[in-house]
Amino acid sequence: MRIRPAEPGDATALAAIYAFHVAHGTATFDTVAPPPEVFAERVLALRAAGAPFLVAERDGAILGYAYAARFRDRPAYRFTCENSIYVADGERGKGVGRALLAALLAAAREAGFRQMIAVIGGGEPASVALHAACGFIEAGRMRSVGRKFGRWLDTVYMQRALGAGESEPVLCSEGS
């Protein structure tokens, strides 16, 4: 398995992975999967913003993807990112998510982020366990905020400091 930056040409595979989770899971609260063009645009937008978008592949097949985008648009949030990780159905439980998250943590730190937030739809136990294993702690839970597949779903927030986190001041060139 190899982790590499995503390319717009990966969009069809990315959309297919996400479509499975939209149709069968609660990790996303989307109910209609977006087309590949949305993923191509997202790859380009994150690249332009200096944020990481990674894919895991084996023998040319995309096994999963992960990206980090600004948590919120307001300027004070500029050092905080939110992650998204999705693994192809047949590859779940094989270490793909862990490899992607480890690479994403490093790439987000290199991009200048100091905190990473995971917003886990449905409180998915596998995602909570993955993030906990990678040093995230639960920062909050919003109960029954989503409804999918005929049931109410929670959202779990988990958080991890990146690099210096809040323990060191930001350099003057990075703003305050």
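Predicted model: local features only at pLDDT ≥ 70, side-chain atom pairs only at ≥ 80, totals over all residues.
1. The largest nonpolar core has 44 residues. Leu14 is among those with the most contacts inside this core, together with Phe53, Tyr65, Leu101, Met116 and Phe136. In soluble globular proteins, nonpolar side chains tend to be buried together.

2. Which elements give two or more residues to this core? Three helices do: H1 (11–24), H2 (36–49) and H3 (96–110). The strands are S2 (53–58), S3 (61–70), S4 (80–87), S5 (115–121) and S7 (151–161). H3 gives the most, with seven residues.

3. Now look at how H1 and H2 pack. Their angle is about 115°, and their axes are 8 Å apart. Angles from 65 to 115 degrees count as roughly perpendicular, so H1 is roughly perpendicular to H2. H1 passes H2 in a right-handed crossing.

4. Which residues meet there? From H1 come Ala11, Thr12, Leu14, Ala15 and Tyr18. From H2 come Pro36, Phe39, Ala40 and Val43. By class, the contact has eight nonpolar residues, one polar residue and no charged residues.

5. Check the backbone at Asp59. Most residues other than glycine have a negative phi. Asp59 is not a glycine, yet its phi is positive, near 50°. Where does Asp59 lie? It sits in the loop between S2 and S3. Asp59 has a relative accessible area of 78%, so it is exposed, the cut-off being over 50%.

6. Phe149 also deserves a look. Its phi is positive, about 55°, although Phe149 is not a glycine. Phe149 is placed in the loop between S6 (137–148) and S7. Is Phe149 buried, exposed or partly exposed? Its relative accessible area is 47%, so Phe149 is partly exposed.

7. Finish with Arg114. This residue lies in the loop between H3 and S5. Its relative accessibility is 13%, and buried means under 20%, so Arg114 counts as buried. How far apart are Arg114 and Gly150? In sequence, they are 36 residues apart. In space, they are 38 Å apart, C-alpha to C-alpha.

Key
Residues numbered from 1 in each chain as written. Heavy atoms only, no water. Core = buried A, V, L, I, M, F, W, Y, C linked by side-chain atoms within 4.5 Å. Buried < 20%, exposed > 50% of the residue type's maximum accessible area, 1.4 Å probe, protein only. Helix = DSSP H or I, 4+ residues; strand = E, 2+ residues; numbered from the N terminus. Axes fitted to C-alpha atoms, helices over the stretch in contact; angles between N-to-C directions. Parallel < 35°, antiparallel > 145°, perpendicular 65-115°, else oblique. Left-handed = near helix turned anticlockwise from the far one by under 90°. Contact = heavy atoms within 4.5 Å. Nonpolar A, V, L, I, M, F, W, Y, C, P; charged D, E, K, R; others polar.
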